[in-house]
Amino acid sequence: MMKIIGIAVSGTIIYVILKKNCPEYAVLAQIGAVIIVAFIAYPYMCDMLDLINNYTVGTELETEYFGIIIRSLGIAVVAQFSSDICRDNGSSALASQIEFAGKIIMISAAIPVIKGIVELTVQIIDKI
Amino acid sequence: MDVDILFKIAGIGIIVAVLNQVLSRSGKDEYTMVTTLAGLIIVFMILLPHLIELFDYIKAVFDL
């Protein structure tokens, strides 16, 4: 954890230094810092997902829905940090576009879940 | 993960800034754009493989 904090703080300082002298490189330094922190932090996520996967295998829940949850989580993570990078460097229009595209892709990934819910409600209504 | 990409980018940025100052002082203002672009290309060459690696890693973790 300390490593992440150290890298983030030094990345911010480098970002500020470069912002004053040559703004183009500030963006690239920020992306570099994001890449390094991501590479340190994401392996912990990998173990967590494997753990949850092992648990869902035992139960009779369909693992397909769980896959969709993980996929939408990944989309959210990527959309979040890229839109924040764009917003930090002044192009908030692009940032909102990225967020909107992330939402659309997430909903399109979740279509099987919606289909399942609709079928379930139809069955329930038939039984009443 | 190697932290030196961050410091490489910072170094190149500062060198290009100094170069631009030197060039603009010595009257050759048209070369500042060229040096900035050259620096950008170098930084992109350093950064892009890591970005590709990160996106492949995210694809693997979240099986996108």
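A contact, as the term is used here, means heavy atoms within 4.5 Å of each other. By that criterion, among contacts in chain A between residues at least 6 apart in sequence, 56% join residues at least 24 apart.

The structure is a predicted model, in which local features need pLDDT of at least 70 and side-chain atom pairs count only at pLDDT 80 or more, while totals for chains, interfaces and linings use all residues. Residues are numbered from 1 along each chain as its sequence is written, chains are lettered from A and ligands numbered from 1 in the order in which they are written, and side-chain values use heavy atoms, with hydrogens and water left out.

**Overall form of chain A**

Chain A contains 5 helices and 0 strands; helices (H or I, at least four residues) and strands (E, at least two) are DSSP runs, numbered from the N terminus. Along the sequence the pattern reads α-α-α-α-α. The C-alpha atoms of chain A fill a box of roughly 70 × 35 × 15 Å, taken along the principal axes. The radius of gyration of chain A is 20 Å, whereas a compact globule of 128 residues would have a value near 14 Å. That radius is taken over C-alpha atoms, and the globule rule is 2.2 Å times the number of residues to the power 0.38.

Of the 128 residues of chain A, 32% count as buried. Buried means under 20% relative accessible area, exposed means over 50%, and partly exposed lies in between (1.4 Å probe, protein chains only). Chain A exposes about 7,900 Å², of which carbon and sulfur atoms supply 72%. Accessible areas come from the Shrake-Rupley method with a 1.4 Å probe, and for residues only the protein chains shown count as cover.

**A nonpolar surface patch**

A nonpolar patch on the surface is formed by M1(A), M2(A), I5(A), V9(A), I13(A), I17(A), I14(B), V18(B) and V22(B), with about 860 Å² of accessible area together. The elements that give two or more residues to this patch are α1 (2-21) of chain A and α1 (4-25) of chain B. The most is given by α1(A), with 5 residues. Patches are made of residues with over 30% relative accessible area and no salt bridge; like charges are joined within 9 Å, and nonpolar side chains (Val, Leu, Ile, Met, Phe, Trp, Tyr) within 5 Å. I5(A), one of the patch residues, is placed in helix α1 of chain A and is partly exposed, with a relative accessible area of 39%.

Helix α1 of chain B also holds Q21(B), which counts as partly exposed at 45% relative accessibility. The C-alpha atoms of Q21(B) and T32(B) are separated by 8.3 Å, and the two residues are 11 apart along the chain.

**Salt bridges**

Over all chains, a search of the whole structure finds 3 salt bridges. A salt bridge is a side-chain nitrogen of Lys or Arg within 4 Å of a carboxyl oxygen of Asp or Glu.

| Salt bridge | N to O distance |
|---|---|
| R71(A) and D63(B) | 3.4 Å |
| D84(A) and R87(A) | 3.7 Å |
| R87(A) and E99(A) | 3.2 Å |

The side chains of R71(A) and D63(B) meet in one of these bridges. R71(A) lies in helix α3 (residues 63-88) of chain A and D63(B) in the segment after α2 (30-62) of chain B, so the pair joins two chains. R71(A) is partly exposed at 29% relative accessibility, and D63(B) is partly exposed at 39%.

D84(A), R87(A) and E99(A) are linked in a network of salt bridges. Both D84(A) and R87(A) lie in helix α3 of chain A, 3 residues apart, about one turn of the helix. D84(A) is partly exposed, with a relative accessible area of 29%, and R87(A) counts as partly exposed at 35%. E99(A) is partly exposed, with a relative accessible area of 25%.

**Cysteines**

A disulfide is a covalent bond between the sulfur atoms of two cysteines; here the criterion is a pair of cysteine sulfur atoms within 2.5 Å. The search of the whole structure finds 0 disulfides over all chains. C22(A) is in no disulfide, and the nearest cysteine sulfur, that of C86(A), is 20 Å away. C86(A) is likewise in no disulfide. C22(A) is buried, with a relative accessible area of 5%, and C86(A) is buried, with a relative accessible area of 15%.
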